[in-house]
Amino acid sequence: LLGASMNVNMDSVTEIFLKLLFLLSVHHQHMAVAGNKYNCDGQLVSSLPQSSFSSSSELSSSHSPGFARLNRREGAGGWSPLVSNKYQWLQIDLGERTEITAVATQGGYGSSDWVTSYLLMFSDSGRNWKQYRQEENIWAFSGNTNADSVVYYKLQHSIKARFLRFVPLDWNPNGRIGMRIEVYGCTYRSEVVGFDGKSCLIYTLNKKLINALKDVISLKFKTMQSDGILLHREGQNGDHITMELTKGKLSLLINLGETKTHPSNAQINITLGSLLDDQHWHSVLIEHFNNQVNFTVDKHTHHFHAKGEFSYLDLDYELSFGGIPVPGKSGTLSRRNFHGCFENIYYNGVNIIDLARKH
């Protein structure tokens, strides 16, 4: 973990703003293991130590979760809980945050014990869990019909997590819960910056590289605070673009500033998501092409046309993440700064956190 505490003694206003870059922590993860973003289907479970497996209970020491590796026959040939009911689970710790692209299951070797359907849950901490969803619903995976056939399932969208939990829903009525598993994926490369609610990260754009007709901003965030500024950019005439978390919902506010010329289009406020302060990672994408804007939060997209002067906003060459550089600079925005973490911030392909990590 790199502690980036910046104290910049420079003259320009832009550079003085950089003094606000304090208590920023940048976490750069990169492990050389099998798999990469183009080949993310390596086996993740087979090489894990026994200590990486845990469960709600076990029928006996020979049915412990450590025997739940796919195609293995040690112990009793798989994991079985003490009682077969819907309160049981099998958990693996992958050691660090990992991109998971597929899962596979078997029953207990040579037995009448197998699971016919199950849920998948994931977590970064092992305490705060989220259920895998597909087509907007909690997804029940189809399991096995015998003890030894492998049922492989490619996830429609990958999971980024350290901990994974299999929760049996149904099992062979003539047997009990029995599982052997494999998980496929690769190391997830991420760069994370932490904000303490008093800091912000300023990016000064290269004027030569600016394309006035196209802007793409993407990031992920995680917080337990229901309010905070995630993004702010403004111009000389009061026009500004702000993305803010308010009561657990994310709002994109576009203020054109010139209310006399276009009073009906002077302000646009789009709100997406809810309960986004749940300490899970949430993804955000803002795409602006000409006057077409796409605002996406966790796969939910709002498309709209920003009419009037939005295509010609006279914005500064600065973009601030996590807060507003000078409190009250815009006159109307003096709300609290963001308290939590951002991951993989990109502006038009530029890795913002990587630039901050390199000072």
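## Ser199 and Asp196

A polar contact here is a pair of N or O atoms within 3.5 Å, where one must be able to donate a hydrogen and the other to accept it. In this predicted model, the side chains of aspartate 196 and serine 199 make one at 3.0 Å. Serine 199 sits in the loop between strand S13 (190-196) and strand S14 (201-204), while aspartate 196 belongs to strand S13.

How do the two compare for burial? Serine 199 has 0% relative accessibility, so it counts as buried. Aspartate 196 comes in at 22% and therefore counts as partly exposed; the cut-off for buried is under 20%.

## What else Asp196 touches

The side chain of aspartate 196 also has a polar atom 2.9 Å from the backbone nitrogen of lysine 198.

## The largest pocket

Now for the pocket. The largest one has a volume of about 940 Å³, with 31 residues lining it. Lying nearest its centre are Lys130, Trp281, His282, Asp298 and Lys299. Strands S6 (115-123), S7 (130-131), S8 (133-134), S11 (151-171) and S20 (282-289) each give two or more residues to the lining, and S11 supplies the largest share, with five.

Domain 1 (42-187) and domain 2 (192-257 + 266-326 + 336-358) each put in at least three residues.

How values were computed
Residues numbered from 1 in each chain as written. Predicted model: local features only at pLDDT ≥ 70, side-chain atom pairs only at ≥ 80, totals over all residues. Heavy atoms only, no water. Helix = DSSP H or I, 4+ residues; strand = E, 2+ residues; numbered from the N terminus. Buried < 20%, exposed > 50% of the residue type's maximum accessible area, 1.4 Å probe, protein only. 1 Å grid on protein atoms, 1.4 Å probe; cavity = no way out; pocket = protein on both sides within 12 Å on 5 of 7 lines; lining within 4 Å. Points joined across faces, edges and corners; volume = space filled by probe spheres on them. Domains from an automatic or database assignment.
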